[in-house]
Every structure is written in structure tokens, then in C-alpha cells.
Amino acid sequence: MQLRNKDILDIASLLPEEINFILDTAEKMKDISKRPIKKVPTLRGKTIFLVFFEPSTRTRLSFDVAAKRLSADVISMTASSSSVVKGESLLDTVKNLESMNPDIIVLRHFCSGAPHFISKRLSVPVINAGDGMHDHPSQSLLDLMTIRENKGSLKGLRITIIGDIAHSRVARADITGFIKMGAYVVVCGPPTMIPKGIEVLGCRVETDFSKAVKGADVIMVLRLQKERQKHFLLSSEREYNKVYGLSLKHIENADQDVLIMHPGPVNRGVEISNDAADSPFSIILDQVTNGVAVRMALFYLLAGGIKDDN
Ligand code: CP
């Protein structure tokens with residue numbers, strides 16, 4: 001099997017069988033990270049550009065580690081240390097990068113649609129590492145992998161996503177990915193943070209926190225995206241924590257094998273308490289581990305392994 005598109009731009013563009021193919025490949029990649037020597041020559045001679053216009057810890061380092069585990073050469077560019085600060089446009093920037101013959105460009109950008117815009121104008125494969133409030137496909141894939149690993153399948157699971165749905169690209173990517181793979185998704189948060197018409201993605205809205213959590217197989221907690229909120233959407237973070245903050249006491253109403261997830265970065269004491277984030281129900285750090293495996297799989301499938309060895 002091969003992926004149909006040259007790029008990974010959003011989770012909606014992937015067929016369920018392509019998602020399973022990526023996750024199956026990621027499972028094999030995960031074994032490499034458990035070896036004493038965590039490196040294979042698969043992408044030797046390939047060059048990957050990581051272009052980040054927004055801060056990132058997990059995604060950037062995870063793409064970086066993934067490329068290095070496959071022996072690719074990795075070149076990182078952040079907007080603040082590039083000629084973007086001198087007024088160069090995004091398109092001119094990536095056209096210049098393409099002139100250096102990379103095999104993949106990974107782009108994180110604050111504008112929704114930026115990876116789609118450049119992918120149409122470049123022949124090199126583009127991976128979206130998070131665009132504005134739109135999508136974050138590698139995050140959704142690693143979340144799918146982590147749930148599949150723990151539950152066997154997504155089919156028939158009830159997954160509740162709590163938090164700032166309106167400003168979250170992870171929420172949109174996860175809702176789409178989870179439903180595509182057969183889960184039933186409930187979103188919950190303050191009405192000011194639930195976008196009108198979100199049900200069009202196939203999820204159900206529940207503003208009552210206890211009803212949203214009750215019976216959930218998976219609870220995905222999201223950070224308040226304060227950097228994207230243009231107006232005050234809350235009276236205070238304390239108030240938010242009182243009504244929508246997840247703590248261990250809420251798990252009493254959920255399934256006993258419930259999974260607690262969070263894409264990070266975590267704001268402890270706001271959207272989640274220490275006792276929930278560090279509990280045996282939490283698989284937050286497993287998500288990070290699987291992020292490396294998923295990104296190794298994406299690089300492998302898009303860069304095609306060793307084709308010209310001589
Ligand atoms: N989950 C995620 O995208 O985290 P970073 O912003 O740290 O990359």
C-alpha cells in the first residue's frame with residue numbers, strides 16, 4: 001500500500017485504511033526507539049527541513065528525533081532567526097528552501113491553511129505540523145495510535161474532548177480522526193469556547209461537565225488557547241478550573257479503565273489537576289512517545305526509504 005497524496009495536510013484527507021497503514025508502520029517504528037542503538041539507515045542521504053513559525057516543544061523535537069532515528073539530515077528553521085524578520089514572504093522562504101532539494105518540508109504556521117497554500121506551489125512533500133486553529137494531523141495520528149494501543153480499536157468508543165474547542169486545531173483534528181475510525185465523540189467546554197456548528201464534524205456538544213465525563217472511555221483534556229483568544233471568554237482561570245477542570249474525583253463517574261489524555265502543553269491546576277495528570281489513568285507521556293513513532297512512519301512513507309543507494 002502507498003499513501004495517495006504527496007503531503008500530510010489534514011486528517012480529513014486520509015482514508016481510514018491509510019490511517020491504519022500509518023499506525024501499523026508507526027508500531028514497527030516504535031520498536032526502533034526501544035533498541036540500545038536507536039538508529040536505522042532507512043533515510044540516509046535524505047534531507048528534512050523543519051520550519052516552525054510558532055513555538056513548539058513536543059512537535060518540533062519529536063519530528064527532529066524521528067528524522068534522526070531514520071538517519072535523515074535535519075535542518076531546523078524558526079521564523080525569529082530567519083529572513084522572515086526582514087520581510088521575506090512565506091512562499092519566497094519555502095521556494096528558497098525547495099531550491100536546496102530537501103525531501104520533506106515540515107511546517108508549523110500560525111495561519112490556518114498555510115501548509116495547504118505552500119503544498120500546491122511546491123513539488124516537495126509537505127507535512128502540516130499544526131496550522132492556526134485548523135488542523136494538526138500528526139497529533140491526531142499519535143492520539144489514534146495511543147488509543148488503539150490501549151483499547152485495541154477506536155470502534156464504538158465514547159471519547160470526550162473537554163476545553164477550548166473553538167481555538168484548538170487538536171480538537172478539530174481529533175474529532176475528525178476519532179469519528180473516521182469509528183468512535184463516538186462528545187465535546188464539552190464553556191459555551192464561549194464551543195464554536196457554532198461544530199456538530200457538522202459529527203460530534204455532540206455537552207455543556208454539562210459531569211454528563212460529558214460520565215461513561216467516557218477516553219477523556220481528552222485541552223489547554224485554554226489564550227494566545228488565540230481575541231476577547232475575554234472566561235471570568236477567571238480559577239472559575240474555569242472549578243467548572244471544567246478535570247480532577248481524579250470526576251473519574252468516579254467514568255469507566256474504571258478510562259484513559260486521560262492531553263496533547264500538551266499542560267497547564268496544571270487550570271484544565272487538569274496534578275492528581276489526574278499523574279494518575280494511572282493518564283497516558284499523556286505515552287502520547288509523546290508515540291509521537292516519535294508516528295512521525296518516523298510519516299517520514300518513511302513520504303520519503304520512500306532508500307531508493308538510490310549508489
Ligand atoms: N501538542 C503539541 O503540538 O505540542 P507543542 O506545541 O509543544 O508542539
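Helices H1 and H5 are roughly perpendicular to each other, a label given to angles of 65 to 115 degrees. The axes of H1 (residues 16-34) and H5 (residues 137-151) come within 10 Å and cross at roughly 75°. Here an axis is a line fitted to C-alpha atoms, for helices over the stretch in contact, and angles run from 0 to 180 degrees between N-to-C directions. Helices (H or I, at least four residues) and strands (E, at least two) are DSSP runs, numbered from the N terminus.

Before going on, a word about the model: it is predicted, local features need pLDDT of at least 70, side-chain atom pairs count only at pLDDT 80 or more, and totals for chains, interfaces and linings use all residues. Residues are numbered from 1 along each chain as its sequence is written, and side-chain values use heavy atoms, with hydrogens and water left out.

Which residues bring H1 and H5 together? On the H1 side they are Ile19, Asn20, Ile22, Leu23, Asp24, Ala26, Glu27 and Lys30, and they meet Leu141, Leu144, Met145, Arg148 and Glu149 in H5; contact means heavy atoms within 4.5 Å. By class, this contact has 7 nonpolar, 1 polar and 5 charged residues. Ala, Val, Leu, Ile, Met, Phe, Trp, Tyr, Cys and Pro count as nonpolar, Asp, Glu, Lys and Arg as charged, and the others, Gly among them, as polar.

Now step back to the whole chain. An automatic or database assignment divides the chain into domain 1 (16-135 + 289-302) and domain 2 (137-288). Their C-alpha centres lie 25 Å apart, and 29 residues of domain 1 are in contact with 26 residues of domain 2. About 2400 Å² is buried between the two domains, with carbon and sulfur atoms giving 57% of that area. Buried area is the accessible area (1.4 Å probe) that two parts lose on being put together, summed over both. Arg58, Met133 and Asn290 supply 27% of what domain 1 buries against domain 2, more than any other three residues.

Next, the sheets. One is open, with 4 strands in the order E2-E1-E3-E4 and parallel pairing; two strands pair if DSSP finds at least two bridges between them. E2 (73-78) and E4 (126-131) each have a single partner strand, so one side of each is left without a neighbour in the sheet. Inside this sheet, E1 (residues 47-52) and E3 (residues 104-109) pair over 5 bridges, and Leu50 stands opposite Val106 in E3.

Another open sheet has 5 strands, ordered E7-E6-E5-E8-E9, again with parallel pairing. Its edge strands are E7 (204-205) and E9 (259-261). E8 (residues 218-221) is joined to E9 by 3 bridges, and Ile219 has Ile260 as its bridge partner in E9.

Terms used
Parallel < 35°, antiparallel > 145°, perpendicular 65-115°, else oblique.
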